[in-house]
Amino acid sequence: MASGNPLVECFIVLIEPCWTDYAPFQTGSGTSSDLPTAQNLKDLGNEYFKKNDYANALDCYSKAIQTGEKTPEQLSVLYQNRAAVFEKLVSFMRKYLCMLD
């Protein structure tokens with residue numbers, strides 16, 4: 001899916017994780033105590049978002065959606081957070097494209 005435009009290529013790399021299903025997130029020895037919870041991933045995503053690190057925020061929110069059991073309310077918040085990241089990325093891209101004109 002090469003477009004030749006570096007900005008588009010960057011955007012595709014940022015959102016590609018949302019196009020595919022994540023395997024269960026694993027770290028360490030693989031015991032359940034080593035696995036991050038959806039809440040931990042959401043909190044980490046929030047920290048990245050505050051620092052304008054949208055790629056890592058997107059990754060955390062997407063992994064949190066796929067990790068463990070969540071209430072419908074928790075899942076709703078995760079999708080809303082991920083949508084906020086997309087909104088910031090689209091806003092950034094629009095500003096950048098306007099600068100090119």
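K50 is exposed, at a relative accessible area of 62%, where exposed means over 50% relative accessible area, buried under 20% and partly exposed in between (1.4 Å probe, protein chains only). The model is predicted, so local features need pLDDT of at least 70 and side-chain atom pairs count only at pLDDT 80 or more, while totals for chains, interfaces and linings use all residues. Residues are numbered from 1 along each chain as its sequence is written, and side-chain values use heavy atoms, with hydrogens and water left out.

## Overall layout

The protein has 4 helices and 0 strands. Along the sequence this gives the pattern α-α-α-α. Helices (H or I, at least four residues) and strands (E, at least two) are DSSP runs, numbered from the N terminus. Of the 101 residues, 26% count as buried. Among contacts between residues at least 6 apart in sequence, 52% join residues at least 24 apart; a contact means heavy atoms within 4.5 Å. The accessible surface of the protein is about 6,900 Å², and 56% of that surface belongs to carbon and sulfur atoms. Accessible areas come from the Shrake-Rupley method with a 1.4 Å probe, and for residues only the protein chains shown count as cover.

## Salt bridges

Side chains of opposite charge can pair when their charged atoms come close. A salt bridge here is a side-chain nitrogen of Lys or Arg within 4 Å of a carboxyl oxygen of Asp or Glu. The count by this rule is 3 salt bridges, listed below.

| Salt bridge | N to O distance |
|---|---|
| D43 and K42 | 3.9 Å |
| E47 and K50 | 3.6 Å |
| K63 and D59 | 3.0 Å |

E47 and K50 both belong to helix α2 (residues 38–50), where they lie 3 residues apart, about one turn of the helix.

K63 is buried, with a relative accessible area of 17%, whereas D59 is partly exposed at 21%.

In the remaining pair, D43 is partly exposed, with a relative accessibility of 35%. K42 is buried, at 17% relative accessible area. The place of K42 is in helix α2. Leaving aside residues up to four places away in sequence, K42 touches Y61, A64, V77, L78 and N81.

## The nonpolar core

In soluble globular proteins, nonpolar side chains tend to be buried together. A nonpolar core is a set of buried Ala, Val, Leu, Ile, Met, Phe, Trp, Tyr and Cys residues joined through side-chain atoms within 4.5 Å. The largest such core has 11 residues: A38, L41, Y54, A57, L58, Y61, A64, I65, L78, V85 and L89. Helices α2, α3 and α4 (72–100) are the elements that each give two or more residues to this core. The largest share, 6 residues, comes from α3. Y61, A64 and L78 are members of this core, and K42 touches these residues as well.

## An aromatic pair

A pair of aromatic rings is described by the distance of the centres and the angle of the planes. Rings of Phe, Tyr and Trp (its six-membered ring) pair if their centres lie within 6.5 Å; planes under 30 degrees apart count as stacked, over 60 as edge-to-face and the rest as tilted. The structure holds 1 aromatic pair. The pair is edge-to-face because the rings of F49 and Y54 have their planes at 65 degrees, with centres 5.4 Å apart. F49 is partly exposed, at 23% relative accessible area. Y54 is buried at 16%, and Y54 is also one of the core residues.

## The loop between α2 and α3

Most residues other than glycine have a negative phi, and most peptide bonds are trans. N52 has a positive phi of about 60 degrees although it is not a glycine. N52 lies in the loop between α2 and α3, and N52 is exposed, with 52% relative accessibility.

## A nonpolar surface patch

Patches are made of residues with over 30% relative accessible area and no salt bridge; like charges are joined within 9 Å, and nonpolar side chains (Val, Leu, Ile, Met, Phe, Trp, Tyr) within 5 Å. F92, Y96, L97, M99 and L100 form a nonpolar patch on the surface, and together they have about 540 Å² of accessible area. One of them, M99, is found in helix α4. M99 is exposed, with a relative accessible area of 65%.
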